[in-house]
Amino acid sequence: MIEILETVQEAMSRAAEAAYPEECCGALLGRVDGEARRVLEIMPLRNARDTRRERRFRMTPDDYRRAEQRAEERGLTLIGFYHSHPDHPARPSEYDQTHALPWHSYVIVGVERGVARAWTSWILSADRSRFERESTEPSCAGGATAGTAGERSS
């Protein structure tokens, strides 16, 4: 289960809407307690793709290292990543699956005509054969910086 603070959801929505019609991307920072994950901050990243940015995003190895470093500096964990799907459902594509790593949470923000409408979260299976939908829980609790609009998945 992943819990995402309301302020974090709003920040992800703003980033997705600002990047529209291109995909945005970023890191999810927070705490892990057993199976429970709590996203406390996001770290927006630049979409490093040179082409097809409306359907693809790319993060560099340096982006990953910077996200790990930021999490460590704040006493948090790099829980996973988020990105948007402009005018496309908030579910993983084949491209998403081939570029994902097991364990991490992958939040997808669905953006319709420039407005963030839905978000879902997914975890890649250990054998990398499929994404499994992660149950989600919004949170109004404080202590966060940086987050969605619309429906939430469960």
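1. Let's start at a turn. Strands β5 and β6 make a hairpin, with two residues sitting between them. One to look for in that turn is R113, which has a positive phi of about 50°. Keep in mind as you look around that this is a predicted model.

2. β5 and β6 (residues 115–124) run antiparallel and are joined by eight bridges.

3. What about β4? Strand β4 (residues 77–86) is also joined to β5, by seven bridges, and these two run parallel. Here F81 has Y106 in β5 as its bridge partner. To get from β4 to β5, the chain passes through helix α3 (residues 94–99), and this β-α-β crossover is right-handed.

4. Is β5 mostly enclosed or open? Of the eight residues in β5 (residues 105–112), seven are buried, so the strand is largely enclosed by the rest of the structure.

5. How many disulfides does a search of the whole structure find? C24 is in no disulfide, and the nearest cysteine sulfur, belonging to C25, is 6.8 Å away. C25 is likewise in no disulfide, with the sulfur of C24 as its nearest, 6.8 Å away. A pair would have to lie within 2.5 Å to count as a disulfide.

6. Are these two cysteines buried or exposed? C24 is buried, with a relative accessible area of 8%. C25 is buried too, at 1%. For both, the cut-off is under 20%.

Methods: Residues numbered from 1 in each chain as written. Predicted model: local features only at pLDDT ≥ 70, side-chain atom pairs only at ≥ 80, totals over all residues. Heavy atoms only, no water. Buried < 20%, exposed > 50% of the residue type's maximum accessible area, 1.4 Å probe, protein only. Helix = DSSP H or I, 4+ residues; strand = E, 2+ residues; numbered from the N terminus. Pairing = 2+ DSSP bridges. Right-handed = clockwise from strand over helix to strand, strands pointing away.
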